[in-house]
Amino acid sequence: MRLLEDLNECPVLALVAPAGAGKTALAADWITHTGRRAIWLALDDADRDPQQLTTALAATIDQLAPGCADSTMSVLRRPHRPEDAVHALVDVLEDIEADRTVLVIDDVHLVDDDASASSCLAAFIEHKPAWLDLLVLTRRRLRLPVDRFRASGLLADLSFEALRFSDAEAMAMLVGLCPDAAPDELSEVAQWAGGWAAALQLSALAVRSQGADGIRRSGHENEATTGSGRLVDEYLWHEVLRAERPEMISLLLGVSVADRVNYSLAEALTDSPGAGEMLAEAERRGLFVTALEPGGWFEVHGLVRDLLRAELGRRQPERLRDLHARAARWFEATDDSTSAVEHWLSAGMPREALRLLAELAVDLFDGGRASAMRRMTEEISPSSFASDPEAMIEYAWCQMPIDRQSFQIALAAAQSSQPVSGHSAGRLEILRAAAAIISGDWHRCEGQARAALDAFDGPAWLDSLGRFGWSLVARGIALDERWFDGGPEVEEVVRGVSHDPERAVALEGTRAVALALGGYPLDAVRTAARVRPIAEAGDMGTLRVDLALADAIGIRELGDHGQARQLLEDLSSRTSYPNVYVQFLAQLELVELHLSEGALDCARSAFRSAAEICEYDFGGRGATDCLARRGVVLGLACREPGDAAHWARQIEDPFWRPVSDARVLLAAQRRTEAAGSLALAVPRCARHQVVRHLLLGRSLHGSDRGSAEKEVAAAAEIAAEHGMLETVGDSGRDVLDLLELAAWRVPDGWMRRLRHVVSGGEVVPSPTGALVAELTVRERGVLRLLPTRLTLHEIADQLFISHNTVKFHLRVIYQKLGVNSRAEAVATARRLSLMR
């Protein structure tokens with residue numbers, strides 16, 4: 001109604017919508033609402049004759065201006081062109097002074113497919129008198145020079161989309177027609193009708209006559225049409241499609257299997273090279289087909305599409321399955337694999353669906369579509385291909401991202417199927433490697449992933465499962481804390497994923513976690529900030545979670561407890577399956593954070609939560625080692641050396657076992673034995689080196705102060721180089737005097753921040769001194785704009801980077817300058833001559 005009111009001043013208004021859309025009712029309500037003077041002309045099949053059409057127009061308008069039809073009829077009685085009588089009628093009307101009036105012409109679609117009748121109607125519309133407005137009601141697009149009429153301001157038209165009932169309007173109509181029905185029952189009808197007025201009215205009739213039984217959706221294949229569905233179905237076939245030619249009906253039935261179709265898909269479904277043009281004709285004829293821009297796509301009204309598909313399923317079930325298979329092949333060829341899977345399932349071809357779903361499994365999960373993947377997988381019964389080892393492997397792979405128990409059952413079935421070798425053996429080893437990482441055994445994961453890569457007959461990256469082999473190897477290296485950029489192991493992984501852009505991007509998330517765990521916090525935070533826009537733009541869920549974990553660990557290491565706590569609590573409170581290590585490591589990082597703050601009760605609580613994760617089928621060697629080494633630290637902090645020793649004995653890691661033994665021995669003042677234990681610890685990363693040097697310094701502190709000082713100085717230099725603070729703070733309180741002696745070896749800013757970490761205080765700004773680490777070119781660019789009054793968003797625009805990237809650079813600048821605010825950063829930068 002509001003749209004009609006907005007167009008009230010337009011000389012010609014057309015309502016173009018299918019049968020039952022409510023055009024006539026809307027026009028009548030609008031005229032009543034506005035109180036305008038109106039006359040009504042309802043056309044019928046007889047008016048296809050131009051002479052009859054002109055006679056009807058003249059007779060109707062004669063009600064307003066008696067006698068105006070006489071001149072029209074005189075022209076009609078002698079030889080004439082069809083338009084001559086129209087011009088005679090218009091000439092008479094131009095000489096009449098009359099109040100502004102609306103002429104409603106209904107059912108124009110009955111006559112406008114005749115060229116002569118359309119010509120007469122166009123002539124009347126173009127030359128009508130100014131006092132006579134027209135409201136044209138038609139089921140299909142007018143065969144008039146519509147574009148010219150629009151451009152001249154003569155015509156405005158409203159389509160079915162504008163006339164559809166909104167959800168609220170549909171509910172209001174149904175509640176008014178069915179006052180005794182429950183609203184929750186009516187809401188299903190409102191959604192089913194899709195805003196189609198006729199469907200709403202017929203559904204209301206069914207509800208009143210049958211009660212709740214009338215509210216049953218009938219659009220599913222092979223389901224009998226009952227209740228409201230039967231009435232709407234009959235209306236569709238008897239009223240809307242009754243007069244359509246067979247080839248048009250066949251087209252609509254064929255395209256009903258797809259939610260949207262374009263020319264190419266329509267041709268593939270119907271084997272007709274002219275299918276696209278027929279779709280455009282269907283739209284013009286008001287057959288519930290809507291053109292979607294851009295791309296030449298069309299959409300059939302959802303309810304009509306369901307009814308057509310149901311009819312096809314009843315009459316020609318084999319054709320319906322064949323159409324779904326055709327659609328699946330078309331979507332697969334156009335790289336819309338998700339739609340292809342849906343159609344393979346509807347075609348009753350689960351093996352084809354499984355083949356494709358195995359390629360999509362991880363991408364669907366990463367994109368937050370686990371529920372869709374679960375639904376599609378549930379439609380596939382493994383019993384139908386139990387004798388096919390390849391199918392059983394793919395089925396297990398599809399279960400892996402969804403549910404641990406289902407994956408374990410499917411993996412057991414795949415392992416017990418017929419013996420496999422070569423290519424299939426490689427795929428099965430990938431499954432075992434995935435099972436290992438899910439259970440917390442990243443050592444075994446890496447070994448099995450390497451074995452899988454060796455087992456493939458050809459390049460593993462060409463296989464849907466094999467392309468994840470190097471990702472699993474990388475994850476094993478990262479969680480084992482032996483990642484070294486440029487090292488042979490990492491370079492091998494980089495080469496392995498270089499053929500697959502998606503795996504190469506995902507590797508950056510694994511690298512960020514590895515850097516954070518390995519004691520390279522600045523590099524970890526930088527990597528996370530650089531890759532995060534890619535992860536968000538690509539909707540890569542696993543990558544986003546990895547980056548969040550890397551950020552949390554790195555930021556805690558840099559001394560920002562507040563932000564780290566927020567990130568860690570968020571990660572530890574949400575399940576991260578199948579990457580269970582994320583939630584688990586977040587809990588363990590919280591243990592260390594609480595211990596560094598002296599919050600023993602909070603540390604115990606976080607440790608119990610981590611232990612519960614371990615107990616729930618995450619008890620692999622890697623996970624238990626991580627838990628046990630935190631148990632050692634917690635036991636010592638709580639003055640429970642027996643517990644600490646108990647946890648130390650459970651560690652198998654060749655570095656952390658002797659380190660943990662040394663911590664227990666140092667707590668018992670057995671320094672010589674601690675030094676002997678540390679001699680067995682072989683570091684694998686920068687963090688390991690710092691921890692070992694500091695503990696050796698503590699072991700030698702009382703007996704060989706010179707050697708102790710060298711060990712502590714070496715730890716300080718490595719830590720300062722990579723930005724480590726918390727690792728030094730956690731292990732260096734007992735050798736603070738030696739750290740002070742080594743202060744001349746490290747940047748003053750880093751040392752001042754370390755003093756606050758070691759003393760348990762907050763990191764505070766440095767009033768004087770040097771940088772913790774050199775600023776990058778981009779960081780200097782951000783720093784130069786800080787003295788201005790530009791907001792962060794404006795700085796981002798100036799530098800052509802995102803707002804989040806500016807915030808990241810700002811955080812790193814603060815850390816490197818040892819400040820906490822923008823003003824302090826500007827003052828310190830000026831003092832250090834960094835503004836040039």
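**Close-up 1. The second largest cavity.** The second largest cavity holds about 80 Å³ of space. A cavity is a set of points, on a 1 Å grid over the protein atoms alone, where a 1.4 Å probe fits but cannot get out; grid points are joined across faces, edges and corners, and the volume is the space filled by probe spheres set on the points. Of its 13 lining residues (an atom within 4 Å of a point), Cys626, Arg629, Asp653, Trp656 and Arg684 are the closest to the centre. Helices α24 (442-455) and α33 (621-637) each give two or more residues to this lining, and α33 contributes the most, with four. Helices (H or I, at least four residues) and strands (E, at least two) are DSSP runs numbered from the N terminus. The lining of the second largest cavity comprises five nonpolar, two polar and six charged residues. Here Ala, Val, Leu, Ile, Met, Phe, Trp, Tyr, Cys and Pro count as nonpolar, Asp, Glu, Lys and Arg as charged, and the others, Gly among them, as polar.

The model is predicted: local features need pLDDT of at least 70 and side-chain atom pairs count only at pLDDT 80 or more, while totals for chains, interfaces and linings use all residues. Residues are numbered from 1 along each chain as its sequence is written, and side-chain values use heavy atoms, with hydrogens and water left out.

**Close-up 2. The largest cavity.** Eight cavities of 30 Å³ or more are found in the whole structure, and the largest contains about 360 Å³ of space. It is lined by 24 residues, with Val362, Phe468, Arg475, Arg503 and Asn579 the closest to its centre. Two or more lining residues come from each of α19 (350-366), α23 (423-438), α25 (469-479), α27 (501-518) and α29 (541-557). By class, 16 residues of this lining are nonpolar, four polar and four charged.

**Close-up 3. Nonpolar cores.** A nonpolar core is a set of buried Ala, Val, Leu, Ile, Met, Phe, Trp, Tyr and Cys residues joined through side-chain atoms within 4.5 Å, buried being under 20% relative accessible area (1.4 Å probe, protein chains only). The largest has 209 residues, and Trp397, Phe584 and Trp750 have the most contacts inside it. Helix α31 (residues 580-596) supplies the largest share of this core, 11 residues. Another core, of 40 residues, lies apart from it and includes Leu53, Val111, Cys120 and Leu142.

**Close-up 4. A three-stranded open sheet.** The strand order is β6-β8-β7, with antiparallel pairing; two strands pair if DSSP finds at least two bridges between them. β6 (260-262) and β7 (289-292) are the edge strands. Three bridges join β6 to β8 (residues 297-300), and asparagine 262 has tryptophan 297 in β8 as its bridge partner.

Terms used: 1 Å grid on protein atoms, 1.4 Å probe; cavity = no way out; pocket = protein on both sides within 12 Å on 5 of 7 lines; lining within 4 Å. Buried < 20%, exposed > 50% of the residue type's maximum accessible area, 1.4 Å probe, protein only.
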